[in-house]
Amino acid sequence: GSSCAADAIVRVDLATGRNRVLISQPRTGRYQPAWSPDGTRLVYAYYEHRAHGPKVPCVYLADLASGKHRKLADGNPHWTPSPHFSGDGKSVYFTADGQVHRYPIETPGAGQPITEFTEFAADAQVSPDGKRLAFRRNDEIWMAPLGAHRVRQDETFRLSPRGGHNFAFTPDGTSLVYSTGADVWLHPFEDGGRKQVPIQLKFSTEPPPPVLLRNVRVLDFKV
């Protein structure tokens, strides 16, 4: 949520309609929040002030039961973190300086890169089953298989020329969902062909009330 002076992460109870502000800060950028698999924690990017220079997006972990927040990793102005949990909830993945990192939650300071790219990568996502990596390069979606070694540049391939700003893995990790403009696509990895998801959005708005204008001068340029 947001207001004129601040952006906030708000937790809404769908059963009661009650909401609670988890974190709020001056309007500086996206939080990019993501739930843990069990729904008890939240990971997000928080833009911290620096004495000199722009604000820096750092990766934070929030425990929803206790309300405590803990920093997992420092950032720098060139980050696009997109932090998210691993499928087992034991680690957090995020993108930093063009590389994808894994940070074990219970072992502070043990974070390490899982890629060794030589080209730009941003907003990376690891599939819930831990088998695939997807990331953005401009508006393109690129992918690579995940294994025991760091992912090299020559192992990556382009999945789609568009959709890099809005994509996510399905819960079983077998497909990627992304949007291009007003179109939504489901791309299964086994058959290799994308399928359009039929979505029709209707926005019902009341017609505006009539407005009476007084003392209005009309200019007629047809001379």
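Let us start at the largest pocket of this predicted model, which has 26 residues in its lining. Ala 34, Pro 83, His 84, Gln 125 and Ala 168 are the ones that lie nearest its centre. If you colour the lining by class, you will find twelve nonpolar, twelve polar and two charged residues. The space inside comes to about 570 Å³.

The second largest pocket has a volume of about 150 Å³. Its lining is made of Tyr 93, Arg 102, Gln 112, Pro 113, Ile 114, Leu 146, Gly 147, Ala 148, His 149 and Arg 150. Sorted by class, these are five nonpolar, three polar and two charged residues.

Now step back and look at the whole chain. Its secondary structure consists of 20 strands and zero helices. The chain has 223 residues, and 40% of them count as buried. Take the contacts between residues at least 6 apart in sequence: 29% of these join residues at least 24 apart.

Next, turn to the aromatic rings. How many aromatic pairs does a search of the whole structure find? The search finds five. One of them joins Tyr 31 and Tyr 44 in an edge-to-face arrangement, with 6.2 Å from centre to centre and 70° between the planes. Tyr 31 lies in the loop between strand E2 (19-26) and E3, while Tyr 44 belongs to strand E4 (residues 41-48), so this pair ties together parts that are 13 residues apart in sequence. Tyr 31 is buried, at a relative accessible area of 7%. Tyr 44 is buried too, with a value of 1%.

Tyr 44 also pairs with Tyr 60. Here the ring centres are 5.9 Å apart and the planes meet at 20°, so the pair counts as stacked. This pair links distant parts of the chain, since Tyr 44 is in strand E4 and Tyr 60 is in strand E5 (residues 56-63), 16 residues away. Both Tyr 44 and Tyr 60 are buried.

Arg 137 lies over the face of Trp 142, at 4.5 Å from the ring centre. Likewise, the charged end of Arg 194 sits over the ring of Trp 185, 3.6 Å from its centre.

Trp 185 leads us on to Thr 180, which touches this tryptophan as well as Arg 162 and Gly 163, leaving out residues up to four places away in sequence. Thr 180 is found in strand E18 (residues 175-180). Is Thr 180 buried or exposed? Its relative accessibility is 10%, and buried means under 20%, so Thr 180 counts as buried. Gly 164 is 16 residues away from Thr 180 along the chain, and their C-alpha atoms are separated by 8.6 Å.

Another threonine worth a visit is Thr 95, in strand E8 (residues 91-96). At 1% relative accessibility, Thr 95 counts as buried. Which residues is Thr 95 in contact with, leaving aside its neighbours within four places in sequence? They are Trp 79, Thr 80, Pro 81, Val 100, Ala 121, Ala 122, Asp 123 and Ala 124. Thr 95 and Phe 135 are 40 residues apart in sequence, and their C-alpha atoms are 9.1 Å apart in space.

Finally, have a look at the backbone. Most residues other than glycine have a negative phi. Ser 82 has a positive value, with phi near 45°. This serine lies in the loop between strand E6 (69-73) and E7, and at 7% relative accessibility Ser 82 counts as buried. Asn 138 also has a positive phi, near 60°. Its place is the loop between strand E13 (132-137) and strand E14 (140-145). Is Asn 138 buried or exposed? Its relative accessibility is 55%, and exposed means over 50%, so Asn 138 counts as exposed.

Terms used
Residues numbered from 1 in each chain as written. Predicted model: local features only at pLDDT ≥ 70, side-chain atom pairs only at ≥ 80, totals over all residues. Heavy atoms only, no water. 1 Å grid on protein atoms, 1.4 Å probe; cavity = no way out; pocket = protein on both sides within 12 Å on 5 of 7 lines; lining within 4 Å. Points joined across faces, edges and corners; volume = space filled by probe spheres on them. Nonpolar A, V, L, I, M, F, W, Y, C, P; charged D, E, K, R; others polar. Phe/Tyr/Trp six-rings, centres within 6.5 Å; stacked < 30°, edge-to-face > 60°. Helix = DSSP H or I, 4+ residues; strand = E, 2+ residues; numbered from the N terminus. Buried < 20%, exposed > 50% of the residue type's maximum accessible area, 1.4 Å probe, protein only. Lys NZ or Arg CZ within 6 Å of the ring centre and 35° of its normal. Contact = heavy atoms within 4.5 Å.
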